[in-house]
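Colleague: I have a few questions about how you reach your conclusions. Could you take me through them with the structure in view?

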Amino acid sequence: MKRYLVLLGSFALFACAPTQQEKPKPTQAPKPPAQAEAERKHTFEEDIKQDEAQKLCSNPQGTVSADMVSKFFEEQKKLIKYPANGKLVGDWKKGEQLFANTRKGNCYACHCADPKELACGNIGPILRHYGKTHNDVKYTYEKIYNSWAFVPCSIMYRAGVHGILTPEEIADIVAYLHSPESPVNR
């Protein structure tokens with residue numbers, strides 16, 4: 001038993017002793033707050049935390065009561081942010097890529113747009129020839145950024161509000177839907 005304790009004690013000292021391979025870690029400059037926040041891992045609880053609008057939409061009826069609709073729209077409109085350059089119409093070719101990108105826009109999951117694209121969803125409206133029938137680019141931008149600013153508790157995700165798409169990326173999708181050169185409008 002005594003030999004066992006001596007052996008165990010020796011092992012503990014050996015395991016805790018610093019090795020020659022250990023080197024002091026260089027000090028790093030602190031990261032800017034925005035970069036530190038972007039690199040911070042979110043917990044599951046943070047990811048599923050509902051904002052006040054989501055709580056309203058989570059009621060058993062899945063709707064906002066009639067007396068709260070105008071306030072709901074007003075609050076949702078305030079969440080919309082615009083591109084830094086002020087342009088609501090970006091590059092339609094980039095928009096085409098985002099529209100199909102399953103990790104970004106993923107718009108084809110719910111909509112049909114380019115007539116050559118056969119695999120498309122039917123949950124949302126068909127967007128073929130959208131630019132020929134819709135001329136309000138601000139509405140299109142805002143609807144993509146925050147669909148709840150127009151339809152309370154819409155099943156369309158709030159791409160801008162949740163940071164899925166940047167304002168510039170949304171402007172590119174607006175261009176894809178409105179540009180006469182885009183396959184959507186040919």
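Modeller: Happy to. Let's begin with a cut-off: a residue counts as buried when its relative accessible area is under 20%. Please keep in mind that this is a predicted model.

Colleague: Thanks! Why is Cys107 called buried?

Modeller: Its relative accessible area is 14%. Buried means under 20%, so Cys107 is buried.

Colleague: What makes Cys57 and Cys153 a disulfide, then?

Modeller: Their sulfur atoms are 1.9 Å apart. The limit is 2.5 Å, so the pair qualifies. Both Cys57 and Cys153 are buried.

Colleague: Why is the disulfide of Cys57 and Cys153 called left-handed?

Modeller: The torsion about its S-S bond is about -85 degrees, so the disulfide is left-handed. Cys57 sits in helix H4 (residues 52–57) and Cys153 in the loop between H8 and H9, so this bond ties together parts that are 96 residues apart in sequence.

Colleague: Which cysteine is joined to Cys112?

Modeller: Cys120, with an S to S distance of 1.8 Å. That link is right-handed, at 75 degrees about the S-S bond. Cys112 is buried at 9% relative accessible area, while Cys120, at 24%, is partly exposed. A search of the whole structure finds two disulfides, and the pairing in sequence order is 1-4, 2-3.

Colleague: Let's turn to the largest pocket. Which residues lie closest to its centre?

Modeller: The pocket holds about 480 Å³ of space. Of its 25 lining residues, the closest to the centre are His111, Pro125, Leu127, Lys143 and Met156. Helix H8 (137–145) gives the largest share of the lining, four residues. By class, the lining has 17 nonpolar, seven polar and one charged residues.

Colleague: Where does pLDDT stay under 50?

Modeller: Over residues 4–19, for which the model has zero contacts beyond four places in sequence. Where pLDDT is low, the predicted coordinates should not be read in detail. The chain averages a pLDDT of 84, and 77% of the residues score at least 70.

Technical notes:
Residues numbered from 1 in each chain as written. Predicted model: local features only at pLDDT ≥ 70, side-chain atom pairs only at ≥ 80, totals over all residues. Heavy atoms only, no water. pLDDT = per-residue confidence, 0-100. Contact = heavy atoms within 4.5 Å. 1 Å grid on protein atoms, 1.4 Å probe; cavity = no way out; pocket = protein on both sides within 12 Å on 5 of 7 lines; lining within 4 Å. Points joined across faces, edges and corners; volume = space filled by probe spheres on them. Helix = DSSP H or I, 4+ residues; strand = E, 2+ residues; numbered from the N terminus. Nonpolar A, V, L, I, M, F, W, Y, C, P; charged D, E, K, R; others polar. Buried < 20%, exposed > 50% of the residue type's maximum accessible area, 1.4 Å probe, protein only.
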